[in-house]
Amino acid sequence: MHAMILRSPRTALELTYGADPHPDVGQVAVEVQACGVCRTDLHLVDGELPHARSPVIPGHEIVGTVAAVGARVTELAVGDRVGIPWLGWTCGLCRYCRAGQENLCDAPQFTGCTIDGGYADYVVADSRYCFRLPAGFSDIELAPWLCAGLIGYRALRKAGDARRLGIYGFGAAAHIIAQLARHEGREMFAFTRPGDSAAQSFARDLGAAWAAGSDEDAPEKLDAAILLAPVGALVPKALRDVVKGGIVVCGGIHMSDIPQFPYDILWGERRVCSVANLTRQDGLDFIKLAQEVPVRTTVTPFPLERANEALAALREGTLSGAAVLTMT
C-alpha cells in the first residue's frame, strides 16, 4: 500500500510503500477512500503531542470500506462503509471507562497518533471503535464528520442551551458547529483571524448573525463561547465576551499558554472547560443528528501524495471548510 508517514516530529511526511495490513482478533482492515486533514495532525507534525508514536502514519478522519475482518468480529462485514475516528481504543477498566467517560481513559490509543491512521490506502482498526456511515453523503464530505464534527458536537453540548454562541476560529469544526447551531435555533457570532474577510463571509453564508476579527468586541454579550483556534490569548478575550454564568469551551487538544488575566472577568460564575477526545456515544448521537440537519461539509480534496500541501494550507488558513485526502 501507499502511505504518507511521519518519520519524526518537525519533518515533512514521506510517501512510502509497504504490505497491506491484516486484521488481528477483533479488528477490521479498511480500504481508505478519504481521510480528513485535521489541526491535530499539525500538532502531531510539530511535536506538540507528547505521547505520539514515531514513526507513525497520521490521519483520524477516515472513511473507507471494510476489506477484511478478523476473528470475533460480528458487527461489521466486508463491504460495509465505516468511519474511523480519533479514539481508537480504551482500556474499559479504569475509573473513567467504568463511569461512561471513555474519552478520559487512562490508557487510550489514538488513531493517527499512537496507532497508524488513514493517510494510507489501508488501515487496521478495532471494530468496536468504527462507525457505520449513512448513505446519501459522499466519502469526502463525510470525512470531516469523524473529528471536526465529533469534537464540534461535544463542544456544542458542553455549551449547554446557550442561545447566543460565539465561535472563535472558523475552520472545519466551526463550519459544522454552525450548521448544528442554526438547526437548534441558536444565534451564532463568528470570530476569525483579524482581517480574514473570506472566513467572515463563509461564516455569514452559514448563518452567522455577525462575523469579525477576534480583536473586535462581540456586539452583544454571549451565553457561551467555543474556542477552536489553539490560541491561549483568546481565553480571557472570550471571558470578557460572555455573560455572568456563561461558559468558555476550549475545543482543541493543544493550545498555547493562557496569559494571566484578572479575576473579575472570571467572577460571576463564569466557567472555562476543555473538551477531551470523544466517546462512541458522541459518535452515534452526532451521526444521527447530522443526518437530520443535514450537515453538508465544504471540502478541498488533495491526493494522498500531496498531504504536505494540505497541511500547509491548513496552517496558513487558506482553506474554507476542510481539507480531505483522497486515495483514488
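This is a predicted model: local features need pLDDT of at least 70, side-chain atom pairs count only at pLDDT 80 or more; totals for chains, interfaces and linings use all residues.

Modeller: Let's start with the side chain of Q179, which has a polar atom 2.9 Å from the backbone nitrogen of R296. That's a polar contact in the sense used here: a pair of N or O atoms within 3.5 Å, where, within protein, one must be able to donate a hydrogen and the other to accept it, and residues adjacent in sequence count only if both atoms are side-chain atoms. Numbering runs from 1 along each chain as its sequence is written, and side-chain values use heavy atoms, with hydrogens and water left out.

Back to the spot. Q179 sits in helix α5, residues 172-183; helices here are DSSP runs of H or I with at least four residues, strands are E runs of at least two, and both are numbered from the N terminus. Q179 counts as buried because its relative accessible area is 5%. The cut-offs are under 20% for buried and over 50% for exposed, with partly exposed in between, using a 1.4 Å probe and protein chains only. Setting aside residues up to four places away in sequence, Q179 touches L206, V293, P294, V295 and R296, where contact means heavy atoms within 4.5 Å. Take L206: it is 27 residues from Q179 in sequence, yet their C-alpha atoms are 6.8 Å apart.

Now follow that list of partners to P294. The peptide bond between V293 and P294 is cis, with omega at about -15°, and P294 belongs to the loop between α8 and β16 (299-303). So what sits at the end of helix α8, which spans residues 280-292? That's E292, and it counts as partly exposed because its relative accessibility is 44%. Its side chain makes a 2.9 Å polar contact with the side chain of K288.

Another cis bond is worth a glance if you check your omegas. The one from S54 to P55 has omega near 0°, and P55 falls in the loop between α1 (39-45) and β4 (62-69).

R10 isn't a glycine, but its phi is positive, about 65°. R10 is in the loop between β1 (2-5) and β2 (14-17), and it counts as exposed because its relative accessible area is 62%. E269 has a positive phi near 60° and lies in the loop between β14 and β15. With a relative accessible area of 69%, E269 counts as exposed.

Beyond its neighbours within four places in sequence, S127 is in contact with G26, Q27, V28, V73, E75 and L76.

Zooming out, the protein chain has 9 helices and 17 strands. Its radius of gyration is 19 Å, close to the 20 Å from the globule rule for 328 residues, so the chain is as compact as a globular protein of that length; the radius is taken over C-alpha atoms, and the rule is 2.2 Å times the number of residues to the power 0.38. Along the principal axes, the C-alpha atoms fill a box of roughly 55 × 40 × 40 Å. Buried residues make up 53% of the 328. Of the contacts between residues at least 6 apart in sequence, 69% join residues at least 24 apart.
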